[in-house]
Amino acid sequence: MRRALPIFIALVTGVLVAAGWWRAGGFALHAERSAGTAEQAVRALMADIQARNWDHAFATLDHANGIQEPDFIQEIAGTNGSLRTYSVLQSFDAWLLHEDGNHSTFRVRMNWSSAVGSLDELRDLSTVRDGNVWRVVWSKPNYPKVPLQVLPVNYLRWDVIGRRSDDWGAASVDSPQVRITSMNAVERPDRVLILGEVENEDTVPAYVNVNAALLKPDGSSLDEQGSFDAISHKLLPKQVSPYRIDFPGLRLSQVKSVRMDARALLVPASADPVISVENQSIDKDVVGRKVLKGVLVNQSGQTVNIAQVLAAFYDANGKVIWVSDGYLDQALLPQGPVPFAVSIPDEVAARVHSYHVAVNHYIAPTA
Amino acid sequence: MPKVILTVPFSLMLLALPALGQSALRAPSSVSAGSSFSIATSGTGTAMLYLLGPSHVVKRAIELGQDLPIAGSDVVASGWYQAVACESGGCTSTTFQVLPSSPARLRFLVHPSRVPVSAPDAINATALVFDRFENTVLERTNVEFHFFSAAGSAFDRSVPTVRGIAWLQIGSTSKQGPLRVVASVGEAAEARIIQQVASEACGLRIQAISGPRTVKLQTDPVRDCGGNPLPDGTVVSFTKIDDAGRSTVDTPIRKGVASAQFAVSGRARISVACGVVLGNEISVNGERR
């Protein structure tokens, strides 16, 4: 009788541990890590990436293309403080595109949970039979090789000094002058969007926020929102940024008018880095969606950890009809091209006449 | 609550005034802030004097029938004062006005701190005139505004105050640089600096040096329509359209010019813009990739 209680507790603990393992997908994980079929190989690789089990993930790959483990880890786990280093694979889905006896191709949709929200990535993975097992062919990353060089950087920097609040009229410096140069209200099935562009008309840098209030016919406010991250907040003199303000769950028929408000603060800023946006073109992605593709090139000598692309699309009359944005999960190394793509709704793409791309960047402070 | 404690006894005292007649106070109808003066009294005996001002209260024992000297330090705030003398038989009172003394200080606000050149009515200068005790001088006073530009030109404006405020609106000059604005009244003077900055770019032009696969671009010195150079750091946007698609780069002006470099594939059209101002467009031919 004395031993009955400890035995009972041990049994209950064992049952609970087994239930927890089963609930956490233990059976599925076990199945995914065995690679008797091509689909199992793909799912096993994704499961390893999800568990950040890099060594095992690399071991299950086909190594015929000479891929090195550091390159694989660098691509999938990120480096240089890129957005990928702040991301984890939340979920994935894989479906077969093509199959023959010893080869097959799968399309994988990876959903990454990142520091800036949920990000989707589509990737086509080939698999090959290797005896009794299937292995995934991971394309060898092609990192740009920049020759060793000294890059002189002498761009301007603006500092704000001598801020005081006790000297009325004597020490005031005005906020930067910014102007909303265009505004357009657009309706989507699930929301109303306010799109446009804002320019820093001043000779000093500005930290800009654009807010909009949708007004009812009686003049009262229906909803107020800000541009949040769909804007380049820090604008150098004469720099133009697209902005987009989302009003989920509203219809344009409910709105009588829109009240816009652009606020600017005087902030320290640097004209470095300069990022060029090259080879832009509207194309289709692997699933046939319209996207604006291009390549970002960091022309400065400093690594840009996180970059965001903002694109304004105009119709034939020069009116802004859409603003897209997208984050890059790779860091922008000096002089190294990094591809990007931002989506465009199909009905908008048909009316696009031209576009303007701006790049937001984040550089981690150095110690 | 303290106001009520003060007001109720004084109101009671004032109600009792008609019953009196044996003492009286006579003050000048107006005095200058900070100036000493006397209040004449009649009657005999001692009394308690209460001097009630906008920001100051004095209580002291007095001898009736003598002139009561009031120190300048007791009447520094302009406004209406009430002198009340109370003795055993009741209270008597008189009122007088303390006016601001001569202008001695200025508060000066100039807006904006930066202004584009040649902007009409863009500068607002407001001066508030005070005496040495910080009372607003309501009497009409002329404030002299002196403007000194970096180019060496100077001009003046004289503006009379209205209820203590002199206000002026003028346009900026055509040359960039600091504009020193001095407001003065008598010995008092205050200076402010306005930065006059270049306006929008004007006649923006680029030149290209073509290589087989790349093109180097550089603007002419970027100036506004008045010939003022746009400040370094101003963003200039270059756009190239060729077989490879569209490429853009926003680059800041350095040493008066902006430059960029593009790879070109085939025939390329290159344009330039600064803010909302468009520059010229050029065509170059590169080798096809």
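## Start in chain B

Select strand E12 (residues 142-149) and strand E15 (residues 177-185) of chain B: E12(B) and E15(B) pair in the antiparallel sense over 6 bridges. Two strands pair if DSSP finds at least two bridges between them. Helices (H or I, at least four residues) and strands (E, at least two) are DSSP runs, numbered from the N terminus. Before going further, know that this is a predicted model, where local features need pLDDT of at least 70 and side-chain atom pairs count only at pLDDT 80 or more, while totals for chains, interfaces and linings use all residues. Residues are numbered from 1 along each chain as its sequence is written, and chains are lettered from A and ligands numbered from 1 in the order in which they are written.

Click on His146(B): which residue is its bridge partner in E13(B)? That's Asp156(B). Over in E15(B), the bridge partner of His146(B) is Val182(B). Then follow the chain from E12(B) into E13(B): the two form a hairpin with 4 residues between them. In that turn, Gly152(B) has a positive phi of about 105°.

Next, select strands E1 (24-26) and E6 (68-70) of chain B, plus E3 (residues 37-42) of chain B. Together they make an open sheet of 3 strands in the order E1-E3-E6, with antiparallel pairing. E1(B) and E6(B) are the edge strands, and each pairs on one side only. On average, neighbouring strands here are turned by 25° against each other, direction ignored. (Axes are lines fitted to C-alpha atoms, for helices over the stretch in contact, and angles run from 0 to 180 degrees between N-to-C directions.) E1(B) is joined to E3(B) by 3 bridges; pick Arg26(B) and you'll find its bridge partner, Ala40(B), in E3(B).

## Zoom out on chain B

Show the whole of chain B and colour it by domain: domain 1 (2-99), domain 2 (105-197) and domain 3 (206-285). These bounds come from an automatic or database domain assignment. The centres of domain 2 and domain 3 of chain B, taken over C-alpha atoms, are separated by 41 Å. Their contact takes 6 residues from domain 2 of chain B and 4 residues from domain 3 of chain B. Two residues are in contact if their C-beta atoms, placed from the backbone, lie within 7 Å.

How many helices and strands does chain B have? The count is 1 helix and 23 strands. Along its principal axes, the C-alpha trace of chain B spans about 115 × 45 × 20 Å.

Switch to confidence colours. pLDDT is the predictor's confidence in each residue, from 0 to 100. Chain B has a mean pLDDT of 89, with 91% of its residues at 70 or more. Look at residues 1-8 of chain B, though: pLDDT stays under 50 there, and the model has 0 contacts beyond four places in sequence for them.

## Where the chains meet

Bring chain A back. The contact between the chains takes 24 residues from chain B and 26 residues from chain A. Which elements of chain B give two or more residues to this side? They are strand E9 (105-111) and strand E20 (245-252) of chain B. E20(B) supplies the largest share, 8 residues. Select it with strand E14 (residues 275-284) of chain A: these two pair in the antiparallel sense over 3 bridges. Val277(A) stands opposite Thr248(B) in E20(B). For the complex, the predictor gives an ipTM of 0.78 and a pTM of 0.78.

## Finish in chain A

Last stop: an open sheet of 4 strands in chain A, in the order E1-E2-E3-E4, with antiparallel pairing. Strand E1 (88-99) and strand E4 (133-137) of chain A stand at the edges with a single partner strand each, so one side of each is left without a neighbour in the sheet. The twist averages 30° from one strand to the next. Finally, select helix H3 (residues 38-50) of chain A, which lies across E1, E2, strand E3 (117-130) and E4 of chain A and runs at about 165° to E1(A).
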